[in-house]
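Trainee: I have a new model open and would like to go through it with you. Could we take it one part at a time?

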Amino acid sequence: MSYRIKRVAHLTGINPATLRAWERRYGLVAPDRTGSGYRLYTDEDVAMLSRIKILVDEGLTIGEAISRVRRGAEPLPADAGGPSIRDVRFRMLEALVSFDRRGALDAYQDVLRLPPERRVEEVLLPVLRQVGELWEANECGVGEEHFASAFIREKLAGIIEDLDTGAARGPEAVCAGVPGELHECGLMAAAIHLATRGWRVVYLGTNVPIEEIRRILRQRRPALFCTSVVNTMGIADFRDLARALREAAPAETEVVIGGGGVPGPFASAEGVRLTEDLAELAHVAA
Ligand code: B12
């Protein structure tokens, strides 16, 4: 049987952006394409991706998970001695959809030992996506989703505060959401990703008018401008947005648009780097 990417995401629990990133970066799978360019995955692809997802959920890095699956070896308990990441995610999710702030904080407490990036990418964002799935499946309401988003956003803001992004001595990055885009957590994750690599981050939040972005970029002339597009956009609108951002930025500023709303697989935009993957920011940063 063959499956489209959304179905694979549903079956494996790996979001489409990550599936595409793993394919590109690690050559994990090489799906065929339909006539219109959509990926088609096989049963074997789905089985292998599910196995990798389980290992990553158990706390292995993606690199470790891939080499283990390629060697066909049995997984080792990655979090021996502490609660597993999967367990923490489960407890946090349960607490959040029950409006149990104390319970969610207790769960978060158990992963404070992890470096900020792992807390973000392995706990906070996956829990938020799971809340989204519950909401989509009508298993929780908008109220629960808002409560959970507010909690996750608060933890991300706490990490940004702890990283003291304004004091860093590295190159400067401006992170801002574009008009109409209210999803903020991907943008915050990008800011955290950069800050942990020594970037000085000027974080503007969501829904910033293009004219304001232009004014600030022209004034500060940062090395990097980052935005996150989560709402799906048509290719034409997306190109207009990318062009407007490229024009708004000085020539020396690299412009990066990330997020699951970036249309694929044909999207491209001159002078703008498109990526769905936070890890690619490390290459930009390099
Ligand atoms: C929380 C949430 C909200 C909150 C946001 C609160 C906040 N402060 O951020 C609120 C309530 C505001 C909201 C509103 C809406 N939402 Co909403 N929301 C979500 C939810 C549950 C989580 C979003 C999120 O932050 N995910 C975590 C992020 C970080 O994961 P990610 O996007 O996959 O990002 C990864 C990569 O793409 C990458 N990345 C992301 N950004 C960047 C940036 C850079 C530079 C880089 C390098 C990488 C990168 O890194 C991430 C880690 O791997 C999702 C469900 C889901 N599955 O995500 C729906 C979801 C995104 N929302 C959706 C919708 C439809 C809406 C509304 C239109 C609902 C409505 N009818 O009003 C509005 C739109 C508001 C607007 N104008 O933007 C849809 C989007 C469908 C689509 N693709 O267009 C989703 C997918 C739910 C669904 N399944 O239908 N939402």
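Trainee: What is the strand order in the open sheet of three strands?

Mentor: Keeping in mind that this is a predicted model, the order in that open sheet is E1-E3-E2, and the pairing is antiparallel.

Trainee: And which strands stand at the edges?

Mentor: Strand E1 (2-3) and strand E2 (32-33) do, and because each has a single partner strand, one side of each is left without a neighbour in the sheet.

Trainee: How many bridges join E2 to E3?

Mentor: Two bridges join E2 to strand E3, which covers residues 39-42, and Arg-33 has Arg-39 in E3 as its bridge partner.

Trainee: Switching topic, how many residues surround the ligand?

Mentor: There are 38 residues around the ligand, and the closest are Gly-132, Cys-185, Gly-186, Ser-228 and Gly-258. Elements that give two or more residues to this shell include helix H2 (16-26), helix H8 (142-163) and strand E7 (254-258), while the largest share, six residues, comes from H7.

Trainee: What's the shell like by class?

Mentor: By class, the shell has 16 polar, 14 nonpolar and eight charged residues.

Trainee: What about the largest nonpolar core, which residues have the most contacts inside it?

Mentor: Those are Met-92, Leu-96, Cys-175 and Ala-191, in a core of 61 residues. H9 gives the most to this core, with eight residues, and at least three residues come from each of domain 2 (85-163) and domain 3 (165-285).

Trainee: Which residues does Cys-175 touch?

Mentor: Leaving aside residues up to four places away in sequence, Cys-175 touches Leu-187, Ala-190, Ala-191, Val-201, Tyr-203, Leu-204 and Cys-226. There is also a second, separate core of 10 residues, with Leu-19, Leu-55, Leu-60 and Ala-65 among them.

Technical notes
Residues numbered from 1 in each chain as written. Predicted model: local features only at pLDDT ≥ 70, side-chain atom pairs only at ≥ 80, totals over all residues. Near = placed C-beta within 6 Å. Helix = DSSP H or I, 4+ residues; strand = E, 2+ residues; numbered from the N terminus. Nonpolar A, V, L, I, M, F, W, Y, C, P; charged D, E, K, R; others polar. Core = buried A, V, L, I, M, F, W, Y, C linked by C-beta atoms within 7 Å. Buried ≥ 20, exposed ≤ 12 C-beta atoms within 10 Å, placed from the backbone. Domains from an automatic or database assignment. Contact = placed C-beta atoms within 7 Å. Pairing = 2+ DSSP bridges.
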